Amino acid sequence: MKYSYFPGCTLKNKAQELDRYGRDAAAALGIELEELPQWQCCGGVYPLSHDEIAIKLSSVRALAAARDDGTALVTLCSACHNVIKQVNHDMQTDDYVITRVNNYLAEDGIAYNGETRVLHYLELLRDEIGFDEIKQKVAMPLKGQKIGAYYGCLLLRPSGVMAMDDPEHPTIMEDLIAALGAQPVVYAQRNECCGGYLTLEDESIPKKRAAAILENARAQGAETIITACPLCYYNLKKHADGTGVEVKYFTELLARALGVKEGE
Amino acid sequence: MASTYTVTKEQILSISGVDPQKCMRCGKCSATCPSYDEMEYHPHQFVAMVEKGEIEKLMGSPSIYKCMSCMACIQRCPRQVEPAKLVEAIRLGVIRQQERNHLKPDDIPALLDPELPQQAIVSAMRKYTK
Amino acid sequence: MQKIGVFVCWCGSNIAATVDVKAVAEAARKVPGVVFSADYQYMCSEAGQGLIKDAIKEHGLTGVVVCSCSPRMHEATFRKAVQAVGLNPYMLEVANIREQCSWVHKDMATATEKAIALMQAAVAKVTLNTPLTAGTTPVTKRALVIGGGIAGMQTALDIADAGYEVDIVEAKPTIGGKMAQLDKTFPTLDCSSCIVTPKMVEVGQHEKIHIYSYSEVTQIKGFVGNFNVTIKRKARYVDEAKCTGCGACTEKCPSRKAPNEFNMGLNNRTAVYIPFAQAVPKVATIDPEYCIKLTKGKCGACAKICEAGAINYEAKDEYIEVEYGAIVAATGFEMIDVSPYDEYAYTQSPDVVTSLEYERLMNAAGPTGGHLLRPSDGKEPKTIVFIQCVGSRESCSSGEMRGKPYCSKVCCMYTAKHAMLTKDHYPDTDIYVFYIDVRTPGKNFDEFYRRAVEQYGVHYIKGAVGKVTPEGGKLKVQASDLILNEQLHIDADMVVLAGAIEPNKSARPLATMLTASMDTNDFFTEAHPKLRPVESPTAGVFLSGMCQGPKDIPETVAQAGAAASKVIGLLAKDHLVGNPCVAHSDEWMCNGCSQCETVCPYGAITYEEKEFRMPDRTTKVRRVAQVNPAVCQGCGACTVTCPSGAMDLNGFSNAEIMAEVDALCR
């Protein structure tokens with residue numbers, strides 16, 4: 001199975017592990033992730049205003065490239081996924097955006113109308129490969145580990161567009177954790193915000209948020225929490241000392257369970 | 001800081017695509033907001049104040065830089081009001097004016113932490129500058 | 001040649017302000033066949049009707065057109081008026097120049113032109129009308145009530161007390177419904193089971209009432225006065241006639257893991273069970289999903305202990321057919337599944353409960369014997385948060401809606417009740433109620449709610465709960481207080497969710513069987529929201545209780561009685577005058593294709609082999625359609641389906657409709 005892959009800037013830089021483990025695990029699962037030959041930053045955040053067009057152009061270029069390649073577009077970073085998936089939805093449903101974006105892109109000879117299927121790596125695991133299949137391929141089950149999923153905001157919301165899982169009662173990461181042989185721990189704060197980009201200006205807010213999330217995870221019995229977002233990873237990890245909870249990328253645990261993590 | 005020119009209620013409604021009249025004053029947005037304590041005006045007040053036309057007050061408030069865009073209020077509003085879109089529209093009303101960027105590229109080096117992901121910088125620039 | 005009179009109504013200014021009524025009357029005089037026309041302020045008044053009657057007598061009119069409001073308003077009035085002076089009532093047509101003309105137009109010239117066209121169409125039709133006479137059908141003097149909750153029971157009792165036979169079909173093993181599960185009732189705080197169980201006994205003992213418990217309606221045929229209903233009697237594996245309700249079987253049953261529905265699944269029951277002590281009928285039922293004998297073939301403990309020999313593992317579902325004159329829908333309600341609102345952590349903590357579960361936790365016959373103990377650890381809760389409007393009052397503008405657009409009506413009052421009862425038993429409990437609005441319109445209702453605030457010190461907070469986080473044995477509640485403009489953080493021991501009310505799931509398939517209409521929320525629609533509130537638009541079908549919309553017990557009982565009085569009014573008649581506007585088939589044109597039989601929603605059309613004498617003097621047997629005029633409702637589906645034009649509808653014949661269309665297009 002072949003897919004176009006959009007890594008995004010953070011995965012080329014501070015979050016190289018998220019990317020590397022993701023690629024190794026995909027290879028072990030027989031998935032070919034072909035990085036788009038050219039891609040630009042997704043913009044980091046989806047614009048919540050109706051009249052912002054320019055920010056959406058880079059996502060549309062990536063979407064059009066995947067379409068021309070005849071493949072679905074796979075993302076791994078939660079932020080890239082949120083932006084690209086929402087822009088794709090705009091390009092399917094919002095005439096205002098469709099017209100203006102295509103006017104901009106006409107010079108490049110691009111016309112796009114939301115044809116591409118956008119998949120998060122987790123959706124790839126669940127819907128294209130299947131957790132049962134992954135369970136079969138687990139070489140080193142994460143036996144006895146108590147792992148909490150941390151969804152944050154961007155994978156789930158707005159649920160009508162993201163359509164990955166139930167926004168208040170998600171199970172996709174818990175099901176993955178179970179497939180890897182570990183014990184999933186459900187805790188309420190798993191879909192509450194980590195503080196996001198506010199960390200740049202004022203660290204006190206992510207600090208409070210991280211404390212609430214980590215304490216809740218710990219109290220419900222989690223030893224590790226996993227995330228798909230480099231910014232969540234940063235905000236949580238920075239304040240995890242002394243909480244007894246480890247913060248990891250989900251791809252790291254996946255690679256380890258599949259037996260393809262380097263040095264193991 | 002007073003704004004240099006007027007942004008009208010109609011402009012805010014147009015930029016945001018929000019209809020504040022759909023609000024039934026339940027307070028779910030402010031109940032769910034993780035940034036509540038950092039804000040002078042809270043999500044439900046953005047809705048009520050925009051409806052009343054008090055755009056100036058909101059534009060002058062630091063609250064517009066405290067929204068994390070986590071979309072919890074958008075997701076959980078029982079009337080699909082989408083308060084975060086009003087916060088964004090008001091902020092754009094400010095930073096789209098000349099010399100009103102909240103964050104300047106020169107400010108950034110001082111804020112950097114070696115581990116900080118690029119995503120945070122890009123997002124903050126998107127949210128705070130034009 | 002017809003002699004037609006045209007009467008143009010002003011309807012005060014309703015029509016006359018927008019339509020030039022004199023011009024319409026004048027135009028009428030120029031239409032061929034019209035020999036008289038007049039206009040008048042209120043044609044429906046005594047004087048207006050007198051005008052029509054006098055004109056019929058004076059001018060020998062053979063047809064009448066009234067240009068007025070919708071025929072749904074006054075067609076019956078005018079038909080009676082013309083009949084009084086000897087004209088067949090079906091020689092009258094109403095041209096709707098109000099709802100379809102004056103009310104939707106602003107410009108007088110346009111409106112007048114349209115009114116004239118509508119008048120001309122009506123004249124064209126009445127010119128071709130023929131006198132029609134309605135037949136009569138007998139009425140089966142037995143009523144069916146579907147649902148045995150307080151609504152169904154009250155309707156059945158009122159009909160039975162008037163002397164008519166009533167059957168109740170109840171899906172559960174006992175009647176009693178939701179009211180039997182409630183602890184106390186607002187605003188009087190009288191014990192619910194103390195007032196509902198005598199009703200159940202009365203129903204069970206009434207000589208005119210028969211209860212089909214553990215049964216479902218599976219098919220409904222026929223029409224008002226003559227319904228034929230198939231009832232499925234689900235196998236309960238216990239012979240109702242033999243079972244004495246002693247309960248010995250339930251004590252011996254080794255399968256004890258079935259969720260107890262009566263206690264909202266808060267504890268378990270045995271596979272053979274009697275739902276609760278006061279069940280009617282008080283007979284046991286075997287749950288086939290949990291019975292060891294039925295699932296694994298071994299056991300038989302209940303059969304051994306039963307002295308009456310009532311247990312029968314071989315029992316099968318049975319179907320019976322019964323005739324009824326009237327049917328009452330009393331299918332009741334459920335609380336929505338609150339698990340999609342998992343920001344309240346209902347799926348994450350047993351201490352987050354629904355109001356109905358809370359009701360059982362307070363009830364002396366409930367799983368905790370009436371002691372309020374939280375499900376997780378059996379401790380008394382010290383802080384309880386009540387969340388209102390969980391799934392009620394949600395916007396319906398998006399396809400993603402989790403809840404319902406309406407107010408569920410009973411939650412504000414039962415939550416005040418829960419708060420006060422809790423405070424009565426455990427005065428040092430801290431109680432918070434988060435509300436959007438407190439809605440207490442009802443006799444002594446607002447006083448009741450204020451008592452909770454002023455005498456009991458319940459904290460009513462205008463605001464919402466955003467998140468409930470179970471952590472360390474507590475429920476951390478994050479909420480807004482809109483009056484103080486604060487975000488609150490409360491460590492609670494229990495959270496109670498006032499979930500929205502929705503119609504019982506059986507209502508939709510029942511409505512399909514009844515051809516009764518429903519709204520988008522699956523509540524049954526009434527024939528008129530103000531003037532016919534307990535009747536369905538489908539003749540002979542009546543509505544009782546929550547199946548028509550959220551309502552409390554007093555309202556339900558009042559509506560149940562009203563539905564009963566409508567049923568009694570129907571059953572008191574020996575015959576019903578039918579609708580003469582029924583279909584008929586021209587046997588010579590019928591090609592026997594059966595398409596009309598397939599589309600007929602009432603089963604009014606059958607096919608017969610008949611001998612025909614052909615033009616060449618031979619005899620030929622042909623298969624032709626036959627309409628049963630007593631069953632036909634005149635919907636016209638067959639006439640538009642018939643490819644050979646053999647089907648036609650009295651009063652709305654193809655020729656009449658075409659004449660109307662021609663007149664409009666002229």
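The structure holds eleven cavities of 30 Å³ or more. This is a predicted model. Rolling a probe the size of a water molecule over the atoms shows where empty space is left.

Start with the largest cavity. It contains about 240 Å³ of space. Its lining is made up of 24 residues. Closest to the centre are V45(A), L154(A) and Y197(A), together with M68(B) and S69(B).

Next come the helices around the largest cavity. In chain A, helix 3 (78-93) and helix 10 (230-238) each supply at least two lining residues. Helix 3 of chain A gives the most, with four residues. By class, the lining of the largest cavity holds 16 nonpolar residues, seven polar ones and one charged.

Now turn to the second largest cavity. About 160 Å³ of space lies there. It is lined by 22 residues. Those closest to its centre are K28(B) from chain B and, from chain C, Y344(C), Q388(C), C389(C) and I436(C).

Strand 21 (383-390) and strand 22 (430-435) of chain C each contribute at least two residues to the lining of the second largest cavity. Strand 21 of chain C provides the largest share, four residues. The lining of this second largest cavity divides into 13 nonpolar, four polar and five charged residues.

Methods. Residues are numbered from 1 along each chain as its sequence is written. Chains are lettered from A and ligands numbered from 1 in the order in which they are written. This is a predicted model: local features need pLDDT of at least 70, side-chain atom pairs count only at pLDDT 80 or more; totals for chains, interfaces and linings use all residues. Side-chain values use heavy atoms; hydrogens and water are left out. On a 1 Å grid over the protein atoms alone, a cavity is a set of points where a 1.4 Å probe fits but cannot get out, and a pocket is an open set with protein on both sides within 12 Å along at least five of seven lines; lining residues have an atom within 4 Å of a point. Grid points are joined across faces, edges and corners, and a volume is the space filled by probe spheres set on the points. Ala, Val, Leu, Ile, Met, Phe, Trp, Tyr, Cys and Pro count as nonpolar, Asp, Glu, Lys and Arg as charged, and the others, Gly among them, as polar.
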